[in-house]
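Let's take a guided walk through a protein model, one piece at a time. Keep the 3D view open and follow along.

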Amino acid sequence: MKDKIIVWLDSNLMQFCLCYYLQKEIDADFFAIIDTTNKTRSFYENQNLVKFKKVWYYHDYTLPIKNPDLQYLSSFEKNHSIELWKLAVNDRIFHNFNDFYNFSKNEILSILENECKFFESVLNEVKPNYAIMHEPYQHHDELFFEICKSQKINVMAFFFSTLGYRCEIAQNVHYADNISNIEHKTVHRSFPELVKYYESLNLSKRIKKQNIDPFGNKSNILSAAIDYLFKTKNENIKTHYSYFGHSKIRALLNAISGSLKTKSRWNYLDKHLVKNIDLTKKFIYYPLHIEQERSTLIATPFYTNDIEFIKNIAKSIPIDHVLYVKEHPSQLTRHWRDKNFYRELSSIPNVTIIHPYSSSMDLVKNCSMVITRSGTVALEAAFYQKSAITCADFDYTLLPSVERLERIEDLPKLIIHSLKKEVDSKTLDEYVSFKEENTFEFDGTDFDIKSVKKFFHGGRLADVNITNEKMIEFLDENEDVLKEFVKAYVQKIKFFEGKVKD
């Protein structure tokens, strides 16, 4: 029998492009759940580039109803071991980050009920062997991800690797499926050799690339505004709960407000955050994450309040140390943080707030240790013989130099324990060698930039028309890199087939 593959498609066009070339390489039936806006939906309804056996449009099944069925939701939680409130309360649409609409408890519960029933129905109908999706970002794609795993479906989630311009495919985000197969080597690279390798990756380039015209250039902004204000009927406000409250006037005012916030906040942090860092002090380094990301909402669901977490670190460090907290340069894409955030942190006597454009590498090299919620800086620290504490379950937590914080009460003892550690180059080298062999070269950031420039006004507008002709042009332009992407998925399918045979 043919394999059945269900694909999650949304405004990230990478998975659609993957399917176009993957269907040429394997004999399988493709199905899709599509989470997209109404104008973009017309492309999927009319396209003939990927031969899907059947598609479902997510927003057709998820509008809130009046009376949610708590008994069903309770049963669902038990059957799948999925904590629904943990997903909902940390969702950027339902709570904290929505500037347009306040969802009631019943609305949230009814959307969850609709999603659970919809996903169960689709998976029961298709009975897929594989599910293809990107790293989940919001509650609903994470929910689908978790249901697939609960039903023992082989999930092939794509995400950026912790090492360079490489990517991975796995059933758990940032946790390699075969991590237990790390080979012990007889010859190892030294720390100077490992540092040379790591610095050759030049990971800071990726961040700089992301921050070039993060809101689109002036031409993008103008074309997006014309398209949205004069060429769009704004039907999503009725059909997509994620667009509730998004009237054109409110969206326009929000965009203007965001621009003003960015400028005002930048003026404040550029003036008040420390640029000339005293690296002679004993300090522990805590880099801030970009807010409203998987890393802060899904990967670390119980450590979502940065101010409280930083206060807890400040209470836990030795008296002869200070805490250096550095703003993330890509927070620019979220209009920076409120000024009161920086003011409150600056009021903590043993905390210093570092300017976003200061060198993170200099801080890692000179710190006593690193603490992060879920950042790859915990791995980076090992290259410079520094220990680290993280709050997330990634495969690099297998390194002896990295400690996983399980309870906040354990933080003081964990810091003291970590400060005494000596980092081993052998285990780091074995981990790096494993990642080199089990990842593939693919500049996902560059692909995303090309995609939003081609179709989405530089990332300024999601609800756009896409034509078959324009998509074919894009597929042809990126054929070489996409075929490398496809090759990695073919290998992953073979990996799963080998496990079944074993």
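## A histidine in a strand

Histidine 134 sits in strand β4, which spans residues 130-134. Helices (H or I, at least four residues) and strands (E, at least two) are DSSP runs, numbered from the N terminus. Before going further, note that this is a predicted model, where local features need pLDDT of at least 70, side-chain atom pairs count only at pLDDT 80 or more, and totals for chains, interfaces and linings use all residues. Residues are numbered from 1 along each chain as its sequence is written, and side-chain values use heavy atoms, with hydrogens and water left out.

Is histidine 134 buried or exposed? Histidine 134 is buried, as its relative accessible area is 1%. Here buried means under 20% relative accessible area, exposed means over 50%, and partly exposed is in between (1.4 Å probe, protein chains only).

Which side chain does the side chain of histidine 134 make a polar contact with? That would be the side chain of aspartate 10, at 2.7 Å. A polar contact is a pair of N or O atoms within 3.5 Å; within protein, one must be able to donate a hydrogen and the other to accept it, and residues adjacent in sequence count only if both atoms are side-chain atoms. Not counting residues up to four places away in sequence, histidine 134 touches Trp8, Asp10, Asn12, Gln15, Asp141, Ala157 and Phe158. Contact means heavy atoms within 4.5 Å.

## The seven-stranded sheet

Now zoom out to an open sheet of seven strands, ordered β3-β2-β1-β4-β5-β6-β13, with mixed pairing. Its edge strands, each pairing on one side only, are β3 (52-57) and β13 (440-441). Two strands pair if DSSP finds at least two bridges between them.

Strand β1 (residues 3-9) pairs with β4 in the parallel sense over three bridges, and β1 also pairs with β2 in the parallel sense, over seven bridges. Here are some residues of these pairings, side by side:

| Residue | Opposite residue | Strand of the opposite residue |
|---|---|---|
| Valine 7 | Alanine 32 | β2 |
| Tryptophan 8 | Isoleucine 33 | β2 |

How covered are these strands? β1 is mostly covered, with five of its seven residues buried. In β2, seven of its seven residues are buried. Ala28, Phe30, Ala32 and Ile34 point one way from β2, while Asp29, Phe31 and Ile33 point the other way. Helix α5 (residues 105-126) lies across β1, β2 (28-34) and β3, and α5 runs at about 170 degrees to β3. Axes are lines fitted to C-alpha atoms, for helices over the stretch in contact, and angles run from 0 to 180 degrees between N-to-C directions.

## The six-stranded sheet

There's another open sheet to find: six strands in the order β9-β8-β7-β10-β11-β12, with parallel pairing. The edge strands here are β9 (351-354) and β12 (402-404), each of which pairs on one side only. From one strand to the next, the twist averages 20 degrees.

Look for strand β7 (residues 283-287), which pairs with strand β10 (residues 369-372) in the parallel sense over two bridges. Isoleucine 284 is in β7, and stands opposite methionine 369 in β10. Isoleucine 284 is buried, with a relative accessible area of 0%. Leaving aside neighbours within four places in sequence, isoleucine 284 has contacts that include Ile317, His321, Leu323 and Ile415. Isoleucine 284 and histidine 321 are 37 residues apart along the chain, and their C-alpha atoms are separated by 6.9 Å.

How do helix α1 (residues 14-22) and helix α20 (residues 468-477) pack? They meet at an angle of about 75 degrees, with their axes 11 Å apart. That makes α1 and α20 roughly perpendicular to each other. Angles under 35 degrees count as roughly parallel, over 145 as roughly antiparallel, 65 to 115 as roughly perpendicular and the rest as oblique. From α1, the contact uses Phe16, Cys17, Tyr20 and Tyr21, and from α20 it uses Met471, Phe474, Leu475 and Asp476.

Last stop: asparagine 267, in helix α11 (residues 248-272). Asparagine 267 is partly exposed, with a relative accessible area of 46%. Asparagine 267 and phenylalanine 394 are 127 residues apart in sequence and 36 Å apart in space, C-alpha to C-alpha.
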